[in-house]
Amino acid sequence: MPARERVPALSADGLPGTDPATSAALAADVPTALALLGAGELAVHGRLTDASNAVLYCTVTLDGTTAPCVYKPVAGERPLWDFPDGTLAGRETAAYELSAATGWALVPPTVLRDGPAGPGMVQLWVEPDPGAPELLDLQDPAGPQRGWLPIVRAEVEGGRTALLVHRDDERLRRLAVLDAVINNADRKGGHWIPAADGRIYGIDHGVTFNTENKLRTLLWGWAEQPLTPEAVEVLGRLAADLPGALGERLRPHLTPAELEATGHRIDALLKAGRHPLPSPHWPSIPWPPL
């Protein structure tokens, strides 16, 4: 199942791009990537046409190093009635900052900066590993195969019913915890990227941090299961850091109410000690799911 619209790899005629191994190595070198994204020269090469807002495919160059990135200018955002405050770019940046605070590195290096179309979010492009195992599948509706967890029954070609499942994978489980904290309203199957070094990166976090429960995700396989000890430890650190340094990093991008709601979600997860259940008052599966 496709993870992301592909852009041609770098070739003799200068098309922008990168190979998966180089891309993964730079994403893992966070200080270098952040310096490059923050101070490098942005060159726009095209637009990702399947996005509902302006998403520009760029390269960024600094001191002889060039890498692909995504630039989402605030000027290209469409207003959302249920996200009236702040910007998509700001929430994407906040999602990166919170991910960084977990220590799990679940979001590619991201900065908020000025660019050719004005202020916007600039995120390192992570090229998917073409050899990575699939993380989603359609299986027999009677039940998931070993190593897979159920999401929802779906109607497929020919009027048949199949079970949509995701892998029982600790990397995805960490992403599910992050999504519960940031209240991600759009965790589609195309919104995670398997990198060549084995990491999984989540992308497209513009509709997050709402003060109302809007969690929509494909990662429901752990619903109501106990949180792992690792997740409990990470959530405890977030709770302790949110009134301090983490809160200061998030404050430029979120409203006071959104910041307060983030703290309440962390506290609720710690109190319950379990992954959340889908809300009965809000669609729990994003559409389209991929």
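**Close-up views of a predicted model**

**View 1. Trp125 is a buried residue****.** Its relative accessible area is 2%, and the cut-off for buried is under 20%. The model is predicted. Tyr57 is buried as well, at 3% relative accessibility.

**View 2. Tyr57 and Trp125 form an edge-to-face aromatic pair****.** The structure holds 1 aromatic pair. The ring centres of Tyr57 and Trp125 lie 5.0 Å apart.

**View 3. Three strands form an open sheet in the order 6-8-7****.** Pairing is antiparallel. Strand 6 and strand 7 (148-155) are the edge strands. Each has a single partner strand, so one side of each lacks a neighbour in the sheet. Neighbouring strands are turned against each other by 30 degrees on average, direction ignored.

**View 4. Strand 6 pairs with strand 8 (residues 161-167)****.** The two strands run antiparallel and are joined by 4 bridges. Leu136 has His166 of strand 8 as its bridge partner.

**View 5. Residues 1-15 have pLDDT under 50****.** For this stretch the model has 36 contacts beyond four places in sequence. The mean pLDDT of the chain is 90. Of its residues, 93% reach 70 or more.

Key: Residues numbered from 1 in each chain as written. Predicted model: local features only at pLDDT ≥ 70, side-chain atom pairs only at ≥ 80, totals over all residues. Heavy atoms only, no water. pLDDT = per-residue confidence, 0-100. Contact = heavy atoms within 4.5 Å. Phe/Tyr/Trp six-rings, centres within 6.5 Å; stacked < 30°, edge-to-face > 60°. Buried < 20%, exposed > 50% of the residue type's maximum accessible area, 1.4 Å probe, protein only. Pairing = 2+ DSSP bridges. Axes fitted to C-alpha atoms, helices over the stretch in contact; angles between N-to-C directions.
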